[in-house]
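Hello,

Here is the structure I promised to pass on. Have a look at it first, and my notes follow below.

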Amino acid sequence: MSVKDEDRRRFLALGAGLLSTTACTTTKPASESGAHMRPHGLRSPHEKVARVIRELTASPGTGSSRTPLQHLYGTITPSDLHYERHHAGVPAIDPLQHELLVHGLVEQPLTFSMAALRRFPSVSRTCFLECSGNVIGDLRGNPPPTVQDSHGLLSCTEWTGVSLRMVLEEARLKPEAKWLIAEGADASRMARSIPVEKALDDALLVYGQNGEALRPEQGYPLRLILPGFEGNMNVKWLDRLLVTDQPAMSVKETANYTELLPSGKAEVLTFVMEARSVITSPSGGQQVLNGFNEITGLAWTGLGKITKVEVSTDNGKTWQVAALQEPILDKSVVRFRLPWEWKGEETIIQSRCTDESGYVQPSRDEFIALRGINAGYHYNGIKCWQVKADGHVVAV
Ligand SMILES: Nc1nc2c(c(=O)[nH]1)N[C@H]1C(S)=C(S)[C@@H](COP(=O)(O)O)O[C@H]1N2
Ligand SMILES: [Mo]
């Protein structure tokens, strides 16, 4: 009897034994013996794309994980690789118990079950989500080693849900309604102030993520999506919308993120993520090959569509227009590409984008001249990667 037969017999015996208890268990010997039985839905063990989970503070449940942008193709972030940012952990919510309360300055306060929300016409839309604290190490002069570390608080998803405008039309806003305080069901009861104009424009209440239900980490069973607005306003585990005539800024926990300007004044209500781009390959930790390399990366803007991405391979002396992958979607991530012949020279590669509002991504120096080095959020300076003479790429 061959070793293979032996393995198969061991597997069959094991499998038969297991059948009586858990019919669906895939036994370990199956994969070890090379049989094509592994739990479905797993990526190849050859692909090392794990997120890095980091505790940011001493309090339990707070922390973040980052999308491994250097390992991804196209524009959509696989749901299990979506970045995470939690202020108080991930609540376990039974969707049958979950309700959304809409009250305050409305003619008709209402609560919606998930089933009631699903009866509205469904909308699917692809857009990026980015934490406004992304890339902050680069502003401070401490660029981390990889693009996952520097830019990984960015993901792009096809969300499915209902138009917030439609839900608000049921409750009928009063004329003095100016703000919505959106609150989540996590322990921090994170609440953010949303201008009513955005709520009535393209805001969505989503329950779907890339073709399946939202992942718990992304706000299951219901989340607010405000295309193009900073990540923290996209409240997860949404269960309350309080309509008011002013933003909730007096209470520290409910204040939106603030910007510290060179004047020393704080700017509280900055919402839109301005245009930015980054080369994801070759990027920090990777290796450039002699001869042909494809430079590729991502560009995105909260102000509509990306119209142009330029790439420099000679430390900013000259710029070439990169090809953009169609379709170029509004407030979504665009993939750019440029073929490049590397002849062994030490150099710096970088990308800069322009959006349909005419806004051009600034250099780090231009950003600092405008907003100062203490800006806590919304850093969108041009990202530089240094290519060493041996082909190694390092963050600078
Ligand atoms: N309820 C609730 N919503 C939340 C948060 C949170 O901690 N609780 N974090 C916010 C922040 S700071 C960001 S950047 C995004 C992160 O969304 P993600 O974890 O799905 O990537 O959700 C926002 N919505
Ligand atoms: Mo965030």
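Contact here means heavy atoms within 4.5 Å. Residues 250-256 also stay under 50, with 13 such contacts. Where pLDDT is low, the predicted coordinates should not be read in detail. Over the chain, the mean pLDDT is 87, and 83% of residues reach 70 or more.

Two notes on conventions. This is a predicted model, in which local features need pLDDT of at least 70 and side-chain atom pairs count only at pLDDT 80 or more, while totals for chains, interfaces and linings use all residues. Residues are numbered from 1 along each chain as its sequence is written, chains are lettered from A and ligands numbered from 1 in the order in which they are written, and side-chain values use heavy atoms, with hydrogens and water left out.

Now to the ligand. Around ligand 1 there are 21 residues (a heavy atom within 4 Å), and the closest are Y83, H87, D186, R223 and K236. Some polar contacts (pairs of N or O atoms within 3.5 Å; within protein, one must be able to donate a hydrogen and the other to accept it, and residues adjacent in sequence count only if both atoms are side-chain atoms) are listed here:

- The side chain of D186 has an N or O atom 2.7 Å from a nitrogen atom of ligand 1.
- R223 places a polar side-chain atom 2.7 Å from an oxygen atom of the ligand.
- R85 uses a polar backbone atom, 2.9 Å from a ligand oxygen atom.

On its own, ligand 1 has 530 Å² of accessible area (Shrake-Rupley method, 1.4 Å probe), and the protein covers 100% of that.

R223 is also in contact with N234, as are L129, L224, I225, L226 and F229.

Finally, the nonpolar cores, meaning sets of buried Ala, Val, Leu, Ile, Met, Phe, Trp, Tyr and Cys residues joined through side-chain atoms within 4.5 Å. The largest has 34 residues, of which V102, L164, L180, L205 and L238 touch the most other members. A second, separate core of 31 residues includes I279, V309, W342 and I349.

Best wishes

Key. pLDDT = per-residue confidence, 0-100. Buried < 20%, exposed > 50% of the residue type's maximum accessible area, 1.4 Å probe, protein only. Lists of a residue's contacts leave out its neighbours within four places in sequence.
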